[in-house]
Structure formats: C-alpha cells, structure tokens
Amino acid sequence: MSESTLFVVSTPIGNLDDMAPRAIEVLKQVSVIAAEDTRHSRKLLNHFGVETPMIPCHEHNERHQAEVLLARLRQGDSVALISDAGTPLISDPGFVLVRMVREQGIKVAPVPGACALVAALSVSGLPTDRFYFEGFLPAKSSGRKKRLEALGSMMNTWAVYESTHRILDSLADFKEVLGGDRYIVLAREMTKTFETVLAGKVEAVEKILLEDSNQCRGEFVVLVEGAEERKEEAVDPETVKLLQRLLQELPAKKAAAVIADVSGYRKKQLYELSLTMK
C-alpha cells in the first residue's frame, strides 16, 4: 500500500460467509491490525489465512494505543481497525483513534460490511427513511426508564442493543414506560444459526420470551415503532383574539413567542395561525 491509511474494516456478525473479499485483502496487506480483542479476532484471521500482526485497541487502552498507531501511520504504515464483530465504532471502540488520525490529515477509509443494526432494520418492516440509534440503554432500571421516557415520544423508528442478561428486564421497562401496545421488533442473533425476528406489541413479544427461555439467549437489536403524531388542540377563541391584537403591534414571530410563553400553545402553531390572519 503506497499511502498511509487507517482502514475501518467491518467483519461478520455471525455468518463467516458475509466477510467481504476486499476486507480479507486489506487485512492481509496492512502493516498491523488494531483489534478490540486479539484472542477473539485471531480465530477469524486464522479462518481467512490472515497472518498480519495484531495489537489490542479497546475502550480501556484506546487513547494510548491511538498514539502508538498514529506514530506508525506517520512512518508510512497502513493500519486496519476491527471490532469483535460488525462495523467498528457502532457501539464499539474506535472513535478516539479515527478522530485523532483525521485531525492529523491522514487518510481514513471504510471497508463496509456487516452491521447488526442495519441488518435488523432491513428486515423489520418498520419505516427506515428516518431512524435513531440509541446504542445500549443504561444497565439499571431507573436509568433505563428515564431514557425510554425521552425516546418514547420520537415519531421515527428507533433502536437499541440489548444483552441476553437484561432483555427481559428491559422489555418489562418498555411495557411500563411505552405501554404494552407499542409495536416492536426483536431481532436476535442476526446471521447466526438461531437467528430470530419477532414482531408485535411489547406485551406479546415479552410473553414469547417468558414462555421460551431459548428466545432470551444471544444478542438483540430492539426496534421500536415511532409514536403517533399527536393532533394539536385548536387554539381557543380568546387566544385567537389576543393574537390578532398583538399582530397589530408586533411581528408575527414575536407575537407568537409572547403568547406561547403564557398560553401553553406551541410557538410554531401560533406563528402558522398568525400567517392566516394577515
């Protein structure tokens, strides 16, 4: 490789046949591979005949290792970054390294491939034109409920990762905060032997897991249908009169802002109403 480059390389999330030929070639040609867990990744590299040396780069040592890798890149080496599975930086280490390398003006190139989030979205049947990814929710129920309260009002599809140890507790919190009728999709063990995609109301999906402990095993992507758009309450006649009066003295945006402060109506709603009065 003629130009120093940090390659961000995606690896399979389960099925080894998903490994891209380009990814194998890059891993063979770089000077060193920065791996989240070298022991885990050694099995993958052995399978594809990759003999490139590895160094660990995980959440506990990333800042130090980023300096080491940056020095090698400055010397002309090329580096590949891999995580235990899937696309690096997506709820995995790598941000510190990529940011530092880019700030030094050194090339960073993606080698796309598997990602559990995208795989789950593609088969979920939920709207994907806009979506939000939260990553892992807090481990404790109190923190988890707080985040769910914030996420619950989103009108677009949103997704979280969850582990086998917390999936039932999480679903219980989903039911409490979002309601048992909220539609979700539970994608388990994507691309692996026991891949399962369950869809339905929170209560129904939780019941399946409670009745079959096998469905609680593995790694999960939980996708949630966005909240229904709430119809805004019509502005009452007295507020309409007040808005009309203020429009005689103030610009529409200012009049809407003043009334929004004291009425509880949204400024946008009042502003749009003011435009119909001119």
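## Helices and sheets in a predicted chain

Helix α3, which covers residues 62-74, has 13 residues and reaches 18 Å from its first C-alpha to its last, close to the 18 Å expected at 1.5 Å a residue; the expected span is 1.5 Å times one less than the number of residues. Helices (H or I, at least four residues) and strands (E, at least two) are DSSP runs, numbered from the N terminus. This is a predicted model, in which local features need pLDDT of at least 70 and side-chain atom pairs count only at pLDDT 80 or more, while totals for chains, interfaces and linings use all residues. Residues are numbered from 1 along each chain as its sequence is written, and side-chain values use heavy atoms, with hydrogens and water left out.

The buried residues of α3 are Glu62, Gln65, Ala66, Leu69, Leu70 and Leu73, where buried means under 20% relative accessible area, exposed means over 50%, and partly exposed lies in between (1.4 Å probe, protein chains only). Seen down the axis of α3, these buried residues fall within an arc of 145°, so they line one face of the helix; the arc is that of the directions from the helix axis to the C-beta atoms. An α-helix has 3.6 residues a turn, so residues three or four places apart point the same way. On the other side of α3, His64 and Arg74 are exposed. The cover over the buried residues of α3 includes β1 (5-9), β2 (32-35), β3 (54-56), β4 (79-82) and α4 (95-103), with contact meaning heavy atoms within 4.5 Å. After α3 comes Gly76, whose phi is positive, near 110°.

Strand β2, part of that cover, is itself covered on both faces: Val32 and Ala34 on one side and Ile33 and Ala35 on the other are all buried. In a regular strand the side chains alternate between the two faces of the sheet. Strands β2 and β4 pair in the parallel sense over four bridges, and the bridge partner of Val32 in β4 is Val79; two strands pair if DSSP finds at least two bridges between them. Three bridges join β2 to β3, which run parallel, and Ala34 has Ile55 as its bridge partner in β3.

In α1, Ala23, Ile24, Val26 and Leu27 are buried. They cover an arc of only 165° around the axis, which puts them on the same side of α1.

Elsewhere in the chain, five strands form an open sheet in the order β6-β7-β10-β8-β9, with mixed pairing. The edge strands are β6 (131-136) and β9 (196-201), each of which pairs on one side only. Neighbouring strands of this sheet are turned by 15° against each other on average, direction ignored. Helix α8 (residues 202-211) packs on the sheet, touching β8 and β9, and its direction makes about 135° with that of β9; axes are lines fitted to C-alpha atoms, for helices over the stretch in contact, and angles run from 0 to 180 degrees between N-to-C directions.

Strand β10 is mostly covered, as five of its five residues are buried: Phe220, Val222 and Val224 lie on one side, and Val221 and Leu223 on the other. The table gives the pairings of β10.

| Strand paired with β10 | Sense | Bridges |
|---|---|---|
| β8 (residues 183-188) | antiparallel | five bridges |
| β7 (residues 157-162) | antiparallel | five bridges |

Within these pairings, Leu186 stands opposite Val222 in β10, and Val160 has Val222 as its bridge partner in β10, while the partner of Ala187 in β10 is Val221.

Helix α5 (residues 116-124) has the buried residues Ala116, Leu117, Ala120, Leu121 and Ser124. They cover an arc of only 130° around the axis, which puts them on the same side of α5. These buried residues pack against β6, β7, β8 and β10, and just after α5, Gly125 takes a positive phi of about 80°.

Taken as a whole, the chain has 11 helices and 10 strands, and buried residues make up 45% of its 278 residues. The radius of gyration is 25 Å, whereas a compact globule of 278 residues would have one near 19 Å; the radius is taken over C-alpha atoms, and the globule rule is 2.2 Å times the number of residues to the power 0.38. Along its principal axes the C-alpha trace spans about 75 × 55 × 30 Å.
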